[in-house]
Amino acid sequence: MECAKCGVAMMDAKFCTGAHGVPPYLMRKKKGVFEPEHRCGVDCFVCPVCGAVELYAQDAQKLLLD
């Protein structure tokens with residue numbers, strides 16, 4: 001993947017959460033206590049030259065609400 005800002009090849013990196021051992025994720029749900037959460041993981045890439053960071057949903061289709 002190429003950096004959109006400076007054109008250098010980006011490297012993958014871990015996007016950490018505050019909780020130990022819990023991978024980062026995206027979540028969407030309808031309003032309501034009993035509605036299920038729709039989750040997917042996050043991939044993170046960082047440019048070693050300018051420091052730009054890009055996050056991508058691993059499976060954005062999982063975030064679609066029925």
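This passage describes the fold of a predicted protein model and the contacts made by several of its residues.

The model is predicted, so local features are described only at a pLDDT of at least 70 and side-chain atom pairs only at pLDDT 80 or more, whereas totals for chains, interfaces and linings use all residues. Residues are numbered from 1 along each chain as its sequence is written, and side-chain values use heavy atoms, with hydrogens and water left out.

The protein contains zero helices and four strands, and reading along the sequence gives the pattern β-β-β-β; helices (H or I, at least four residues) and strands (E, at least two) are DSSP runs numbered from the N terminus. Of the 66 residues in the protein, 20% are buried, where buried means under 20% relative accessible area, exposed means over 50%, and partly exposed lies in between (1.4 Å probe, protein chains only). The accessible surface of the protein comes to about 5200 Å², and carbon and sulfur atoms account for 57% of that surface; accessible areas come from the Shrake-Rupley method with a 1.4 Å probe, and for residues only the protein chains shown count as cover. Among contacts (heavy atoms within 4.5 Å) between residues at least 6 apart in sequence, 48% join residues at least 24 apart.

A pair of aromatic rings is described by the distance of the centres and the angle of the planes. One aromatic pair is present in the structure, formed by phenylalanine 45 and tyrosine 56 in an edge-to-face arrangement, with 6.2 Å from centre to centre and 70° between the planes. Phenylalanine 45 belongs to strand 3 (residues 38-46) and tyrosine 56 to strand 4 (residues 53-57), so the pair ties together parts that are eleven residues apart in sequence. For such pairs, the rings of Phe, Tyr and Trp (its six-membered ring) must have centres within 6.5 Å, and planes under 30 degrees apart count as stacked, over 60 as edge-to-face and the rest as tilted. Tyrosine 56 has a relative accessibility of 36% and therefore counts as partly exposed.

Arginine 39, which is found in strand 3, is partly exposed, with a relative accessible area of 43%. The structure holds one salt bridge, a term that denotes a side-chain nitrogen of Lys or Arg within 4 Å of a carboxyl oxygen of Asp or Glu. This salt bridge joins arginine 39 to glutamate 37, with the closest N and O atoms 2.7 Å apart, and glutamate 37 is itself partly exposed at 40% relative accessibility. Arginine 39 also lies over the face of tyrosine 25, at 4.3 Å from the ring centre; a charge sits over a ring if NZ of Lys or CZ of Arg is within 6 Å of the ring centre and within 35 degrees of the ring normal. When residues up to four places away in sequence are not counted, arginine 39 touches Tyr25, Leu26, Met27, Lys62 and Leu63.

Histidine 38 is likewise located in strand 3, and with a relative accessible area of 16% this residue is buried. A polar atom of the histidine 38 side chain lies 3.4 Å from the backbone oxygen of lysine 62. Apart from residues up to four places away in sequence, histidine 38 touches Leu26, Met27, Arg28, Lys62, Leu63, Leu64, Leu65 and Asp66.

The loop between strand 2 (25-28) and strand 3 contains lysine 30, and lysine 29 is placed in the loop between strand 2 and strand 3 as well. Lysine 29 counts as partly exposed at 32% relative accessibility, and lysine 30 counts as partly exposed at 36%. The C-alpha atoms of lysine 29 and leucine 65 are 6.8 Å apart in space, although these residues are 36 residues apart in sequence, while the C-alpha atoms of lysine 30 and leucine 65, 35 residues apart along the chain, are separated by 7.2 Å. With residues up to four places away in sequence not counted, lysine 29 touches Glu35, Pro36, Glu37 and Leu65, and, with neighbours within four places left aside, lysine 30 is in contact with Glu35, Leu65 and Asp66. The side chain of lysine 29 reaches the backbone oxygen of glycine 32 at 2.8 Å. Between arginine 39 and lysine 29, which are ten residues apart along the chain, the C-alpha separation is 8.9 Å.

Definitions and conventions: Polar contact = N/O pair within 3.5 Å; in protein donor to acceptor, adjacent residues only side chain to side chain.
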